[in-house]
Each structure stands twice: as structure tokens, then as C-alpha cells.
Amino acid sequence: MDIRDLQSHLETAFEYPVTTERVLERAGDIEVAAPNVDDAETVETILAPLGPETYESAADLYNTILGSVSDDYIGRKFYDDRGADPADSWSILPEQARSF
């Protein structure tokens, strides 16, 4: 399942509040596809390391899943379309720093 479709699925799949245990029973085997990667993580592999929780809403559950996916779901790390690579700025010495 595409991660963008997951929230609407979670809204209809459960009555809230819902526990992690119940989510894993009913949706743990759902694969959440990562962009540009062949491997997908299951809801269980995403949520199980977090331990038992109670989710008050589909948005709460979705945000937890979204915040817990692996780095494969992140685009280019540290990408900023507003300027140079931020890693370049890490080496600026204090006397070279500019005030904006």
C-alpha cells in the first residue's frame, strides 16, 4: 500500500481509540511501500519496536507510522531547494559566518 493511501485506510479499518496490539492483529501484515525502493516495511515492523500504545485517532496512528518508517522513506537527506548543501555550512568558521 502506498504510504499516502494508508491514512484513509486507517480511518475506516479501526474504531478509535485502538491499541497497538489490535492494529498489529488486523493490519500488521500490510506492506507500506517505500518510494524508489523495492522493499516495503510492514505495519508490524514499523510499530512493534515502539511498544504498546493507544492511538486516539487515525491521524495519531498515521503520524506515528509516518514518523517511525526507516530512512528508505526519506528523499535526499539534508536536501534544501533554497540554497547550497547545508553540510557545506557546517565548516564555516565563526569569523566567516554571516548575519541574515
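Predicted model: local features only at pLDDT ≥ 70, side-chain atom pairs only at ≥ 80, totals over all residues.

Q: What do R22 and E25 form?
A: They form a salt bridge. Their closest N and O atoms are 3.4 Å apart.

Q: Why would residues at that spacing point the same way?
A: An α-helix has 3.6 residues a turn, so residues three or four places apart point the same way. And side chains of opposite charge can pair when their charged atoms come close.

Q: Is E25 buried or exposed?
A: E25 is exposed, with a relative accessible area of 53%. R22 is partly exposed, at 37%.

Q: How many salt bridges does the whole structure have?
A: A search finds two. The other pair to look at is D2 with R4, where the closest N and O atoms are 2.9 Å apart.

Q: And how exposed are D2 and R4?
A: D2 is partly exposed, with a relative accessible area of 27%. R4 counts as exposed, at 66%.

Q: Back to α2. Which of its residues are buried?
A: T20, V23 and A27. They cover an arc of only 65° around the axis, so they lie on the same side of α2.

Q: What does the face turned away from that buried side carry?
A: The exposed residues E21 and E25. So the E25 of the salt bridge with R22 belongs to the face turned away from the buried side, as its 53% relative accessible area marks it as exposed.

Q: What do the buried residues of α2 pack against?
A: Four elements: β1 (18-19), α3, β4 and α4.

Q: Zoom in on V23. What is it in contact with?
A: Leaving aside neighbours within four places in sequence, V23 is in contact with F14, V18, G28, V43, L47 and L61.

Q: Which residues have the most contacts inside the largest nonpolar core?
A: L10, F14, V23, V43, L47, L61 and I65. That core has 19 residues. The elements that give two or more residues to it are α1, α2, α3 and α4.

Q: Now α4. Which residues are buried there?
A: Helix α4 covers residues 58-68, and its buried residues are A58, L61, Y62 and I65. Seen down the axis, they fall within an arc of 95°, so they line one face of the helix.

Q: What does that buried set pack against?
A: The buried residues of α4 pack against α1 (3-13), α2 (20-27), α3 (43-47) and β4 (54-55).

Q: Step back. How many helices and strands are there?
A: Five helices and four strands. Along the sequence, the pattern reads α-β-α-β-β-α-β-α-α.

Q: What share of the protein counts as buried?
A: Of its 100 residues, 25%. The accessible surface comes to about 7,300 Å², and 47% of that belongs to carbon and sulfur atoms.

Q: What share of the contacts with a separation of 6 or more comes from residues 24 or more positions apart?
A: They account for 55% of those contacts.

Q: Last one. Where is A40?
A: A40 is in strand β3, residues 40-42. A40 is partly exposed, with a relative accessible area of 31%. Its C-alpha atom is 9.4 Å from that of I30, ten residues away along the chain.

Note on methods: Residues numbered from 1 in each chain as written. Heavy atoms only, no water. Buried < 20%, exposed > 50% of the residue type's maximum accessible area, 1.4 Å probe, protein only. Arc of directions from axis to C-beta. Contact = heavy atoms within 4.5 Å. Areas by Shrake-Rupley, 256 points an atom, 1.4 Å probe, with all protein chains shown as cover. Salt bridge = Lys/Arg side-chain N within 4 Å of Asp/Glu carboxyl O. Core = buried A, V, L, I, M, F, W, Y, C linked by side-chain atoms within 4.5 Å.
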